[in-house]
Each structure stands twice: as structure tokens, then as C-alpha cells.
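Student: Could you give me a close look at the aromatic rings in this protein, and then at the packing around them? I'd enjoy one connected walk-through.

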Amino acid sequence: MSGFMRKAALVVGAVALVAATAGAAAPLLAPGMAGAAGIAGVASAATLTAIGTYGGLAAGILTAISTATAPGMSSQGSQTSFTTNPQSGLPYAMGRTRMSGLRIYANTNTRPGYTKFNDLLWFGALLSIGGAIGGIEKFTADNEIVTFDSSGNAIGDYHDYQGQKIHLGGQQTSALALSLVGGSAPGWTTSHKLSGITHAMWCLRYNKQGEMYGAGAPEPAWIGNWVKVYDPRLDSTYPGGSGSCRALVESTYVWSDNPGLHALTWALGRWQNGKRTCGIGAPVANIRVAEFVECANVCEANGWKVGGVEWTTDSKWDTLKRILQAGGAIPTQTGAMVGCLVSTPRTAIATIESRHLLDSLSIAATKSRRDRFNSVIPRYVDEASDWSVISGTAITVSDYVTADKGQRTKEIDYPLVQVFSGQVAKQPGQLAAYDIVNSREAGPINFTTGPEWIGLKTGDVILLNVPEEGLVNQPVLITRRAPDPSTGKVSFSAQTETYAKHAYALGQSTTPPAPFSLTAPDLKPPAPAAANWAAAGTVTGEGLPAIVLTGNSEMPSADAVLIDYKLPADATWTRSAILSANEPVQHVIAPLQSETAYQVRVGYRVEQIDGDFTILAAVTTGVGIISDISGTIGQQQDQLAQLEQDTAAAQANIAAAQTQIAAIESSVSADFSQVNAALSTLNGEVDTAQSNIASLQSSTSSLNTAVTTLQGEASTAQANISSLQSQAAGIISDVDGLEAQIVAQGGQISTLQTTLSSQGAQISTLQTTVSNAVGDVATLKTQINAGGGNLLVNTDFGLDTSGWIFTTSGGNGSVGLRNAPDAQWYPPNENTIVIQQNNTTSTGYADWTQTIEVAASKWYDVSVYAASHRCQIQIYLMWLDSAGAAIGSAPSVGPFGDAGGGNTLASFPVRSFKVQAPTGAVRARLNLRKFGTNSGTTDSWAWFLRPQVAEVLADTATPVAYSPGSARSTISVQATALSSLTTTVSTLSTTVSMLISTEK
């Protein structure tokens, strides 16, 4: 137990004993309580009787018993009753709420100079643990507001009859010291400090007329903004955060009534002097901070708040549940990590299909009748009902009542949801609507995957595409993940996620989402892949025409392969076979018509369901043996018929020949004598010819000799001619070579001339380009001198405010908008970012911010067109080092009062300043700030357009001309282009020099 708790325990112990021994003598005190009695004060019997008269004081409240109770209304203490309860634990007040306090001290005495009876009643009230609070809004006694001056004396009718002082929960150097009409609390010394605890000293003076406290001590109530919280969005060390708020450094915490921030702070625990006073106390590394930040953002968008009192004797986990319930969220535990899951639309980040599942999938398609309701009565705290819990109007979904054939109503407690006076019960209604639509989600859905999906976590939404189980691209929300290190498998539990439920629950749509139902799976097998099957014409071993089909089933669940065929002209198919799909298929369709085209189709069967077919390309069968024999016989018959015709013609020819032979024989016999005479004459002529031939042969011999001589001479002449021809051919070849060289040299000279001309033109062009680039550099230098361009992004807000962060401080209710309230408040072709505050709060502020990179010692010009109504605005630049910490002073301009605004650019004054970045600065954050609403007015507005941060020279005049976007990339591109052009000119100059040298 920490020091401050020990001191409080002593005080409580004394009070408890005083109550228990009312009317008894002081010596009856146990010896161990003597010190406590000395601290708290032990009064006389008369004093004890007076204490009983004023309220029946009981014992203290510092017992820290952690009992596990189901989430719902806490029964450990009461925030609306000023009681002494030793079993209630320590109160922990959040948001804006009422706290009547826990009595930790009570005593009576008399004011100086008054001796009749003890007319002063003193109370010590413990209001909340958890460190510093936001402040006390008001104090009431029996619902009558009482105010106090700086000395603690009441103002008005209760002056000198009621006094009070409050410690607001921070470190305490001295105990509360209250004096009323000269009297002070007996036994309460400066050592009774309660650091980190918000508490009050309250005194009542007896009024003998009885009109003040006729019914006894009044019921006190402190209405205030209670414990502060850690906000990562205001923490510069958190990604995306900006500010000095730091986890576990309670002095940097800020006040908020955001459920997500209170849940995160409860998970971190509340700490004083290095001791955890309440909360879970999980290390930051074991908390999914980003999930709580998401919850906080959703709560802000929906206007959801948390408020009320929790007690340390409740289960810490149940307390976390109640806090998150106010923000439409639930806590999660993934491994050793604490997180939360808020009700908000989510985008599916992956698709898991049948092929990814390792084991079977199970699904509860609907919740039980008890868990599936269609009407909710929300129970919440109502300020107008003296901060009591009331049952609100039932939220009923008539479509679900019809579907369920009757109304099924459930009463749900929202203990930390409050409705303030004058407000409608919007938050309880939205949370109740969420509970109704969430009760219609199906689940749990259990499935197992391989290790590739281990990155999914609780709260992620994925699509489950398992048609055979009735899930066709069904969005599901993961509620549990359990990896198995021994097998690498990852088991998941999920429930369906209906996107349309969010708009309905938030009142953005009047149509409730349809209840989930499974999609009937299409059990019909798909058509086989044509690439897996082939058909070809063939002949069987028996010589029959056939088609052979080969292939493999690509469908693992197929039981059989169906094979049909038909002639192209036929309307119906003929079933050839039904084969097993578990083995490769090679099927012969026979007998068929020889050399005939057929169509073949293939399909799959699963159980008794036939699927679609794939029709293969037409196939022509082979030539069968019967067709071959028929053709041969036909040829032989044709040959026999031709032989018979040829025989008849031959016989006719023989008869005619025989007739001619007979006629020739007759003619030869008659002319034979004439032939013999002719032969004799011929023999004589032959003898004469032989004689002549012998004479000619002698003459021919002489001629042959002469011819031989001439042939020798001709051969020699021919050799000489051949030699001369060879020499001539060589000369001609040399001439041709020279001619080719001349032609080639002429072509090269012409090419060189053309190249030189072309290169000269290129040099001229490049010189012009270089000249232009030099001009561009000069322009860039001018740009740098004039401002160097805008280093901010999205300065025209053309589509949205991406790149800009909107933050608030002080809880004045400001909101960030774009182009609001209408076109009368921004110029044509321009866009504005706006900060609007629809209340009279004059404290706090809100910023539009953007962080940029800077360089130390560089000069920067800051400017923006800005206007404001009924508030002040300021523009400043925060320098940040490499660790994100603020360094140096923050240069600024302003604050400025009401100025300008309208639908012309001229109606927006330009606010600007120039500043040099300090040593160590690597980034700067531009803040466009609006302060609270001016006193005496009901709302306020601020408009900003054309924001600019530009790097400039020391002597550049401010402001520089506005330009959108960043200038550094332009300078880099121009410098790169100039370098490239210079290199190109150098290369071309070298090439031309070489060509000119070669020409020479």
C-alpha cells in the first residue's frame, strides 16, 4: 500500500470505529487503533451522538478486493449517495458526471466562543482516485447550487453556515485546511495529505432556526470533469501524434470524455509515486495502442462519450468492458496483447478460399433464440433524473420482429453512458441498435489454414469464399486466432460482418440489413478444361474405324467422367462410356463409320449430378479393314471387265491380220521372179562402189597427215591466246578494284559531309538547348530567391484534406471541415479548410497541422490567406529535432481578431512571417490555429486557404508569391537535365573532332 493510501486508511479506520462505538467510552478503542484515533480524532459521547444525528456515519472505504463480476451495473458503490462503505473500494470517476463522495472523515466541535453544544459538523469526502482531474463544474447540497469564496466560505445564504475546500487530485504538499467562523476540523492536520486523490473537506454549521438543515445533513454532489487521460494523438513520439502527452507520465495527461482514451489509460493503469493505484497496468509494448486510437477516432466521429464512476473492487477486465461498451467496442486478447474492437465499417484485407483450408469448416448459421433479439431497452444514466439509471425508449426493428414472428425484447445496461439535461438519448439508441444487428450475425465460423495467414489478427475482416459450404465471398470478422507451433496450422474463429448494419445503427439509413443466410452451393460440376482432353481418329486392332480419347480430370471432387459422341448433323448424343475420374482416361469409341467426321464431348459427374460438357473439335475416323477389302474387290472386278473387252478386240484384230497375211503371201509368190532380177543388178553396182571406196581411202590418208600438222600449229596459237587473255583479265580486275575504291571513297566523303552537316545542326540545336537550360537555371535561381516553391502538400484541398491533421485541445467542441458552411464562404475555383465551434466555450483551441522537412539555418517564408468570425486565430511554425521533440521558440504571427471572409480572394487577409530554422531542426509543423469563441457570442468560425511554407533567402521580402505543391523536385529535374545536356554536348564535340581529323 502506498503512503497516501496508508494515511487514508488510518483516517477511515478512525471514522469506522467512531461509528461502531457511538455512545461508548473512548477507552474501549483497541490498542492498535490508538494512532488512528489520534489522527482522526475521538470525540465525547455527545459528539458521537451528534454525528449519529447528522447521518449515521459508517466505516471507511479503502479495502481493495478484486472480485470477478459479470459486466453490467456495478454494485460495489454508489456515486449518488454520500455514504461510508468499507466494502465499496476506491471510486474512479470519468468524463463529466456526478460524484456524491465517500466519507473518509467525520467529526464535530464548536466554533470559538460558543459553548452550548457542538455546532460544527466536519466531513472528509473522497471523490476520485486516478490523479489530477479536469475541474469541478459545480457543487450542490440537496440539489441546491452552493458556491464558495477563496477562503472556502459559502457565498450567499449559506455564508458562515457552510464551507468547503477541494484538492483536484494532483500532488499535495499540505493537507486541506478549512476554517469556518474560526473553527477547524478536529484532529485533521497538515500531514493528512492525499496526493493523487481528488477529495474535499466540507463543514456544516448548525442553524438553530432549522430552516437550513431541518432534515439533517444535505446530500452533497460534486459535478465535474474528472480524471485526465493519455491521448496518443497528442504524443509526438507516437506515429502520427503531435504534442507533449506521454504514456505513463500523468502530468502530461489531458482531460477527455472519449471512451477509447479512457479504455487505453485504464489498460496502462493509473500510477502515483511509482505505484499502480488502479487499472490493469499492462506494459505499453503489450497494448495494441493503434486499436484504441481507432476506437477514439470512431467515438469522436459518432459523438460517443463515457462518464460515471467505477470502483477498484470490481474486476479490472469488467471495468474495461464497461468503458469500451460506451464506445461501441469490446476488449480483445491476442496472445499477450490487449486491444479492442470497435463497431465501425471495415474493409476486407484478404480472401481465403476452399483451397486454403486445411481442415473442415464449421459454421453456426444463426445464433440461439435467446441471443437473437429484435428489441432492446437501453438502461443508462440520465442527468435530468438526478443522475439515476433509467430505462430508455425501446429500440425495435420491425423487420426482425416480422421475421421472428414476434417481439423478443432484451434490457441491456449501459452503466457508463450518460444523457445530459436537454439532450436526446442518441448514444444509447445507437448502441442498442448495434447490439440488435450484431445479434443477427452468424457465428462462430471455425476454420484452419496454413502459416501463410498467421499475420491476420483479431478485428481483421476477410472474405471467405467456400461455395460448397454456402459462403460466397462472405465478409467475416476474425474474433480469435490460435497458431499451432507444432504443425504450423493457424485456427481462426470468426463471425459474419454485414456492412449495411453500420449505417442503420448510426441512423444514416432507415433500412435494416437483411439477416445472414447461407448461399446454396452450386453443386453442378463445371465443364472440363479443354486443354486437358484430346481426341484423334484411329483404327482398332480388329481394323474397325474408331476415335481414341485421352485426358485427366482437373476436378478433385469429380467421381466419374462422361463421354458422348455424335455425327455433326445429328441432334442427339450417344453415351459411349462412364469412367472413373480418379485415373488417367484413354477410351476408344468404336465401331464407327470409316473416314467420317464425329463430335466428342466430355463432362464430369459428382455423386448423381452431371455437370456441363466440353465439346472437342470434330475428329475424322480411320480407314477400316472392310472398306479396304471392298475397294480391292471393286478394282479387280473393273480389271476383269476391261480384260474381257480387250480379249474381244484382240480376237477381231487377229482375224483381220490373218486375212492380210493370206493376201501378202499371194502377192509375194507372184513377184518373186522380179526380185531375183533386181538382186543381180544390185550386186554389180556393189562391186563398182567397193572399187571407188578403195581409191578414196588412199586419198584420205594424205589428207589426215596435213590436218595433224595444222592441228599442232592451232594448239600453240591457242596457248598464246589463253596467256594473253589471262593477262588482260588481271588488268581488268585491277581496274575494277581501283574503280570500286574510287566509288567507295566518294561515298565515304559524301557520308562524312552529310554527317558533319547533321552534327553541325545538332550542335547548333544543343547550343540552343543549353542556352535555354541556362535560362531555366536563371529562372530557378529567381524562383529560389523569390520563395523556392511551396513545401506543403495538398494546399488547394481539391478533393479532400489528406496530408493535413485536425487536432483539438481543451475540449471546446471544435470540428474540422472543408468548404463550409456553403459556397458564400470560399472564392470560386478555391477551397478552404475550416474550423467551426458551435458553442460558447471561450477556452481551448483547435489546429489544422502539417509536418514538413527543413534544414537548419535555412530561411523559410510562411503565409496563408485566413479569416475568422467571433474568435481569434494564430499561425505558427513548431521546430522539431530528429527525435520529434520541439526545439527553440515557435515563431508565429497573431493572434488576430475578427477579419474578412467571403467568396472573393480579396476578402481573405494574408498572414505571413519569415524565419530561420534553428540548429538541430530537421522538421517543422505548421499550425493553423483557432481559439475559443469570443465571450458574449454563441459560435465561431475560422477559414484558411492557400497555405504555403517556402524556402527563401535571407533578404527575400515576405510574403512570397503563392504556388501549390513542392519546388524541390522541379529544381532537381532542371539540374539533372542541365547535367545531361552538358554531357551530350561534350560527347558530340569529341565525335565531330574525330570526324574532321579523319577527313583531313
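Tutor: Happy to! By the ring-pairing rule there are 22 aromatic pairs; rings of Phe, Tyr and Trp (its six-membered ring) pair if their centres lie within 6.5 Å, with planes under 30 degrees apart counted as stacked, over 60 as edge-to-face and the rest as tilted. One of the pairs joins Tyr-92 and Trp-266, which is tilted, with 5.1 Å centre to centre and 55 degrees between the planes. Tyr-92 belongs to strand β1 (residues 91-94) and Trp-266 to helix α4 (residues 259-268), so this pair links parts of the chain 174 residues apart; helices (H or I, at least four residues) and strands (E, at least two) are DSSP runs, numbered from the N terminus.

A word on the model before going further. It is a predicted one, where local features need pLDDT of at least 70 and side-chain atom pairs count only at pLDDT 80 or more, while totals for chains, interfaces and linings use all residues. Residues are numbered from 1 along each chain as its sequence is written, and side-chain values use heavy atoms, with hydrogens and water left out.

Are the two partners buried or exposed? Tyr-92 counts as buried because its relative accessibility is 0%, and Trp-266 counts as buried because its value is 2%. Here buried means under 20% relative accessible area, exposed over 50%, and partly exposed in between (1.4 Å probe, protein chains only).

Some rings gather in a group: Phe-82, Phe-123, Phe-139, Phe-148, Trp-202 and Trp-222 make up one aromatic cluster. Other rings carry a charge over the face. Arg-205 lies over Tyr-161, 4.3 Å from the ring centre, and the charged end of Lys-914 sits over Trp-859 at 5.5 Å from the centre. The rule asks for NZ of Lys or CZ of Arg within 6 Å of the ring centre and within 35 degrees of the ring normal.

Now for the aromatic residues in the packing. Within the largest nonpolar core, of 81 residues, Phe-292 is one of three that touch the most other members, along with Ile-287 and Leu-324. Such a core is a set of buried Ala, Val, Leu, Ile, Met, Phe, Trp, Tyr and Cys residues joined through side-chain atoms within 4.5 Å. Phe-292 is also among the buried residues of helix α5, which include Val-289, Cys-295 and Val-298. The cover over that buried set includes α4, α6 (316-325) and α8 (426-438). Leu-324 in turn touches Phe-292, as well as Ala-263, Cys-295 and Ile-330, among others; contact means heavy atoms within 4.5 Å. A second, separate core of 31 residues includes Trp-848 and Phe-896, together with Leu-792 and Val-864.

Phe-373 sits in the loop between β21 (362-363) and β22 (375-382), yet counts as buried because its relative accessible area is 7%. Leaving out residues up to four places away in sequence, Phe-373 touches Arg-408, Lys-410, Ile-412, Asp-435, Ile-436, Ser-439 and Arg-440. Trp-533 lies in strand β30 (residues 533-539) and is buried too, because its relative accessible area is 6%. Its contacts beyond four places in sequence include Pro-528, Leu-549, Val-561, Val-585, Tyr-604 and Leu-616. Arg-601 is 68 residues from Trp-533 in sequence, but the two C-alpha atoms are 9.7 Å apart in space.
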